[in-house]
Amino acid sequence: MMNSIKEHINAIRADFPILTQKVYGKNLVYFDNAATTQKPEVVLKAIEDGYRLHNANVHRGVHYLSQVATEAHENARRTVRNFIGAESESQIIFTRGTTESINLVAFSFGELLKAGQEIIVSEMEHHSNIVPWQLLCERKGLKLKVIPFFDNGELDITALDTLLTDKTALVAVTHVSNTLGTVNPVKQIIEKAHTAGVPVLIDGAQSVAHKKVNVAELDADFFVFSGHKIYGPTGIGVLYGKENWLERMVPYQAGGEMIEHVSFEKTTFNVLPYKFEAGTPDFIGSTALAAALDYVNALGIENISEYETELLKYATERLNEVDGLKIYGDAAEKGAVISMNVGNIHHYDMGTLLDKLGLALRTGHHCAEPVMTHYGIEGTLRASFALYNTKEEIDVMIEGIKKVLNLFNRGIG
């Protein structure tokens, strides 16, 4: 484990080949990490080796390649288990990502619910943690209730006490907001919900790459995240669930690996976690995800968190020096995400012109339209940082924003 990210930043950046390229003749500055992270060489090599050296369908195959691929796939499950502090590999279900993980729970756990029950989400959720519950409510006759947040981006936790009733079936909240950067007090939320006998799903898409997560300590009933947001490949994700819930839940999809025995009279299902992994799994993706988690472990998640907090502090200070720039969300505990608007410049115009300067930032509502509605805006310009970013890159962003601002002030925009 490294003592400091800052001391090794050049070596770390060298691990990510995409960072060496130029965009429109400018050095690439990649600040869209909340959308997806770049991939280190070890992950790229894991993908290539998987296809070149041991590509064979996993489980049940008696030949050598299948056994090698199966062992790598199940070792990846073990790596995930250790990374998030789960008690058993049977609690780790591979999915295509956070969105599918939430949809799996919404369908399979949802089949246990009855009309009149209620689901609680927060006002700052990503659409992936809103729409599946809305569909469930329509399908089963349930009601969706919402925890509001204050203008500083912090959840009104006291409202949860009122929202929790004997009708509440589930609380589903984000660990870290993808727009505001707010780190929610999920342990406190879980404790409140469990006191009322209510299970909790935590959307960890924006947390696992930036802070230590231990699902057993949190006592989360479900925890979900995506590989591509923690330096792994796209198309692979994780659903952690407590076994008492997973055993009761019906399969989300059917066919292939999730079966135990099939006849035309009756089909029985496989044991956990395979009960929820129908068809050929992304065994290349799982092993590459494991490589990404090993990479993060080698750097030290605490070191990463400390370094990114320093970047956030520096960026916030520098951005606050820009005339007319407004940052949305200044929670006491915040991840390395900044959503902003500059004067009367449309966020899309700002993002497009910054792109010409080699700066990759996100524009729009960031799949969190209720957050934009809260502030009465259409969208924001978002900068999100990762372990390979630097203060020098933040300086480039500041100069770029000032340059665009000057263009608009002179009427050229």
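Reader: How much space lies in the largest pocket?

Author: This is a predicted model, and its largest pocket is lined by 27 residues. Among the elements that contribute to this lining, α4 has the largest share, with 3 residues. The space that lies in the largest pocket comes to about 390 Å³.

Reader: Which residues lie nearest the centre of the largest pocket, and how does its lining divide into nonpolar, polar and charged?

Author: The lining of the largest pocket divides into 7 nonpolar, 6 charged and 14 polar residues. Of the 27 residues that line this pocket, those nearest its centre are Ala 34, His 126, Ser 128, Gln 206 and Lys 229.

Reader: Which residues line the largest cavity?

Author: The structure holds 1 cavity of 30 Å³ or more, and about 30 Å³ of space lies in the largest cavity. Its lining is made up of 3 nonpolar, 1 polar and 2 charged residues. The residues in question are Phe 83, Lys 211, Lys 212, Val 213, Asn 297 and Ile 301.

Reader: Is Gly 116 buried, exposed or partly exposed?

Author: Gly 116 is found in the loop that runs between α4 (98-108) and β5 (118-122). Its relative accessible area is 38%, and a residue counts as buried under 20% and as exposed over 50%. Because 38% falls in between, Gly 116 is partly exposed.

Reader: Which residues does Gly 116 touch, not counting those up to four places away in sequence?

Author: The C-alpha atom of Gly 116 is separated by 6.8 Å from that of Lys 143, although these residues are 27 residues apart along the chain. With residues up to four places away in sequence left out, Gly 116 touches Gly 141, Leu 142 and Lys 167.

Reader: How many residues apart in sequence are the parts that the pair of Phe 149 and Tyr 375 ties together?

Author: The count of aromatic pairs comes to 11. One of them is formed by Phe 149 and Tyr 375, a tilted pair with 5.9 Å centre to centre and 50 degrees between the planes. Phe 149 lies in the loop between β6 (143-147) and α6 (157-163), whereas Tyr 375 lies in helix α13 (residues 369-375), so the pair ties together parts whose separation in sequence is 226 residues.

Reader: Are Phe 149 and Tyr 375 buried or exposed?

Author: The relative accessibility of Phe 149 is 3%, and that of Tyr 375 is 18%. Since buried means under 20%, Phe 149 counts as buried, and Tyr 375 likewise counts as buried.

Reader: Which residues do ring pairs link into a cluster?

Author: Aromatic pairs, of which the count comes to 11, can also be followed from ring to ring. The cluster linked in this way consists of Phe 16, Tyr 231, Tyr 295 and Tyr 388.

Methods
Residues numbered from 1 in each chain as written. Predicted model: local features only at pLDDT ≥ 70, side-chain atom pairs only at ≥ 80, totals over all residues. Heavy atoms only, no water. Helix = DSSP H or I, 4+ residues; strand = E, 2+ residues; numbered from the N terminus. Buried < 20%, exposed > 50% of the residue type's maximum accessible area, 1.4 Å probe, protein only. Contact = heavy atoms within 4.5 Å. 1 Å grid on protein atoms, 1.4 Å probe; cavity = no way out; pocket = protein on both sides within 12 Å on 5 of 7 lines; lining within 4 Å. Points joined across faces, edges and corners; volume = space filled by probe spheres on them. Nonpolar A, V, L, I, M, F, W, Y, C, P; charged D, E, K, R; others polar. Phe/Tyr/Trp six-rings, centres within 6.5 Å; stacked < 30°, edge-to-face > 60°.
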